[in-house]
Amino acid sequence: MVRILLVYPQIPETFWSFKHALKFVSRRASFPPLGLLTVAALLPSSWELKLVDMNVGNLSNRDLRWADYVFVSAMVAQQDSARDVIARSHREGKPVVAGGPLFRPGYEFFGFDEVDCLVSGEAEDLLPRIVKDIENGALQRTYLCDDERPDIANSPVPKWSLVDNRRYEMMSLQYSRGCPFDCEFCDIVVMNGHVPRTKSARQVLAELDALFENGWRGAVFFTDDNFIGNKKKLKSEILPAIIEWNREKGYRFTFITEASINLADDEELMLMMNGAGFDVVFVGIESPNEGSLVECNKMPNKGKDLLAAVKTIQNHGMQVQGGFIVGFDEDPPSIFRNQIEFIQRSGIVTAMVGMLMAPPGTRLFKRMEAEGRLLPSGTGNNTDGTTNIVPKMGLETLTRGYQEVVSTIYSPEPYYERILTFLREYRPRSTRRSNYSPRYIGALIRCMWTIGLKQEGRMAFWRHFAWTLRHKPRCFHMYITFAIQGYHYRQVAASAGMGQMKMQSG
Ligand code: B12
Ligand code: SF4
């Protein structure tokens with residue numbers, strides 16, 4: 001019998017960590033590590049497994065001593081913590097097997113010579129070989145995926161029994177990998193390819209059942225690169241199955257996902273997604289400047305009325321969260337004001353604004369290298385005010401402009417204004433369950449106390465609170481959620497991001 005310790009390193013506190021917001025709902029992290037849970041499900045059932053997610057608990061030396069092997073999974077943004085885990089494992093004499101986005105194509109850039117076994121690729125194809133080699137005492141130094149990517153129709157149900165639900169705000173499920181588009185800065189297509197690979201409706205329902213049986217009720221994030229990459233299958237098989245499943249379960253799950261903006265062109269798809277329970281969708285808007293969209297080859301956004309598209313999705317009962325980028329070669333000097341204006345008019349409350357960054361392995365990375373514009377820096381987190389490229393507009397202009405965008409859109413008045421702009425457009429579906437659980441009531445009280453009494457912007461909070469109760473009472477819980485998230489974004493903007501920006505701009 002082999003003992004495997006699965007470790008998910010610490011995620012630095014930034015935009016998506018929601019650390020400050022999670023305190024209001026007594027949760028430690030937003031999602032469990034789905035990659036590691038998938039790896040766990042691919043290991044022999046006779047092996048003993050233990051999961052340590054360092055975002056919800058501590059990694060003890062006792063855990064390390066217990067293990068025969070330590071399996072680490074990480075994104076680039078987790079590299080410091082991953083290095084620390086590897087060093088600690090080695091001090092206890094334990095070999096480390098490392099995988100995940102940090103070790104995907106372009107991994108050489110980050111070094112990691114100290115890793116005993118580096119796995120660059122999807123586990124579905126590689127793990128059976130690794131298991132065999134461990135059993136034969138012949139573990140190799142690297143395992144690379146073939147050009148052909150695995151068919152995820154063979155991917156197992158993640159091993160949810162390793163997870164304590166109560167520590168997380170959301171659960172996750174991946175239905176497809178890959179995206180048909182080819183944006184210059186995107187490492188998703190380098191990792192997962194252009195042809196969307198999908199699971200079957202049977203697999204998706206089995207994963208939903210597993211979450212339900214593990215006691216989960218609430219939000220589930222479909223962690224697809226682009227959920228609508230294969231619309232035909234989605235409409236004919238997957239969504240009808242989810243609609244039926246969620247109806248049978250009394251609409252106990254809501255869903256969130258990522259999709260390209262062409263979702264707004266397909267009325268039937270939006271109606272089906274909303275009927276299935278999707279109420280939030282993250283869309284890469286990137287820029288209101290057409291030249292910048294052409295530059296990065298953002299196909300679905302080119303020549304489109306992006307504002308109208310966002311409103312269409314909101315009208316179909318889905319909140320749009322948006323990704324925005326500044327620092328393209330084609331960005332005019334007015335880009336920072338234009339981004340602020342677009343974000344305010346769109347009613348995109350959660351706007352993730354980042355500085356253009358070139359992840360290793362991407363087309364942008366190669367172009368920047370060829371043009372001598374690569375910097376040796378780069379945290380892997382495009383929202384902390386750092387980048388690894390020399391922007392055409394100059395680093396100082398970009399840094400100051402970025403700071404202006406982030407500090408404006410997250411200051412209380414514009415932030416609450418955006419909530420109202422959104423609520424005016426939003427048409428929630430009728431099957432939505434109202435969420436007045438004790439946990440929600442606790443969050444509401446903490447919110448009123450902290451944000452309504454102690455924080456800057458409290459007048460704006462109460463004014464918009466009253467407006468929502470009067471005009472959109474059904475959306476009141478959303479208002480509170482937004483207020484809590486806004487508190488998080490302001491804390492992040494005021495600490496890590498702004499600190500790094502000050503450092504850069506000297
Ligand atoms: C959920 C998610 C998050 C969660 C992470 C928490 C969590 N517990 O999962 C949150 C919201 C916190 C997050 C944050 C960020 N994220 Co994120 N996130 C994702 C997302 C959408 C899904 C991850 C997932 O569940 N995938 C499904 C699983 C099954 O895939 P997987 O993890 O890759 O695992 C497979 C293989 O990699 C391999 N594998 C994985 N681990 C291991 C381990 C071993 C030992 C082995 C053998 C194999 C193996 O096998 C698995 C099965 O095939 C991905 C996009 C994506 N489609 O993957 C981005 C992604 C991972 N995130 C990314 C980024 C950039 C970020 C942010 C920096 C964004 C930002 N600017 O704020 C931040 C991190 C910084 C911060 N401090 O906030 C990038 C990472 C790029 C990179 N090379 O590192 C991705 C790929 C998206 C992208 N390209 O833009 N993210
Ligand atoms: S649409 Fe999104 S996932 Fe697809 S290539 Fe562009 S950035 Fe990547």
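Figure 1. Strand E1, residues 3-8, runs parallel to E3, and the two are joined over four bridges; strands are taken to pair if DSSP finds at least two bridges between them. Elements are DSSP runs numbered from the N terminus, with helices being H or I runs of at least four residues and strands being E runs of at least two. Residues are numbered from 1 along each chain as its sequence is written, while chains are lettered from A and ligands numbered from 1 in the order in which they are written. Because the model is predicted, local features need pLDDT of at least 70 and side-chain atom pairs count only at pLDDT 80 or more, whereas totals for chains, interfaces and linings use all residues.

**Figure 2. The open sheet that contains E1 and E3, with two helices packed on it.** Six strands, in the order E2-E1-E3-E4-E5-E6 and with parallel pairing, make up this open sheet. Strand E2 (48-53) and strand E6 (142-144) lie at the edges with a single partner strand each, so one side of each has no neighbour in the sheet. From one strand to the next the twist averages 15°, where axes are lines fitted to C-alpha atoms (for helices over the stretch in contact) and angles run from 0 to 180 degrees between N-to-C directions. Helix H4, residues 79-91, packs on the sheet and touches E1, E3 and E4, its direction making about 175° with that of E3. Helix H5 also packs on the sheet, touching E3, E4, strand E5 (117-120) and E6, and its direction makes about 150° with that of E6. Contact here requires that the C-beta atoms of two residues, placed from the backbone, lie within 7 Å.

**Figure 3. The surroundings of ligand 1.** Ligand 1 is surrounded by 43 residues, of which the closest are Gly 35, Ser 73, Gly 99, Gly 100 and Ala 123; a residue is near a molecule or strand if its C-beta atom, placed from the backbone, lies within 6 Å of it. Two or more residues of this shell come from each of helix H2 (34-42), strand E3 (69-73), strand E4 (96-99) and helix H5 (123-135), and H2 gives the most, with five residues. By class, the shell holds 22 nonpolar, 16 polar and five charged residues, where Ala, Val, Leu, Ile, Met, Phe, Trp, Tyr, Cys and Pro count as nonpolar, Asp, Glu, Lys and Arg as charged, and the others, Gly among them, as polar. Domain 1 (3-144) and domain 2 (170-425) each supply at least three residues to the shell around ligand 1.

**Figure 4. The contact between domain 1 and domain 2.** The protein chain is assigned domain 1 (3-144) and domain 2 (170-425), with bounds that come from an automatic or database domain assignment. Their C-alpha centres lie 26 Å apart, and the contact takes 16 residues from domain 1 and 18 residues from domain 2. On the side of domain 1 that touches domain 2, eleven residues are nonpolar, four are polar and one is charged.

**Figure 5. The sheet of E7 and E10 to E14, and the residues around ligand 2.** This open sheet has six strands in the order E7-E10-E11-E12-E13-E14, paired in parallel. The twist averages 20° from one strand to the next. Strand E12, residues 278-286, and strand E13, residues 319-326, pair in parallel over six bridges; Gly 284 has Gly 323 as its bridge partner in E13. Helix H11, residues 306-315, packs on the sheet against E12 and E13, its direction making about 155° with that of E13. Gly 284 is also among the residues around ligand 2, which include Cys 179, Cys 183, Cys 186 and Asp 225. The shell around ligand 2 has six nonpolar, three polar and two charged residues.

**Figure 6. Helix H17 with helices H15 and H16.** The axes of helix H15 (residues 412-425) and helix H17 (residues 458-471) come within 9 Å and cross at roughly 10°. H15 is therefore roughly parallel to H17, given that angles under 35 degrees count as roughly parallel, over 145 as roughly antiparallel, 65 to 115 as roughly perpendicular and the rest as oblique. Among the residues in the contact are Tyr 416 and Leu 420 of H15 and Phe 461 and Trp 467 of H17. The axes of helix H16 (residues 438-454) and H17 come within 6 Å and cross at roughly 120°, and these two helices are therefore oblique to each other. Here Ile 451, Gly 452 and Leu 453 of H16 meet Arg 458, Phe 461 and Trp 462 of H17.
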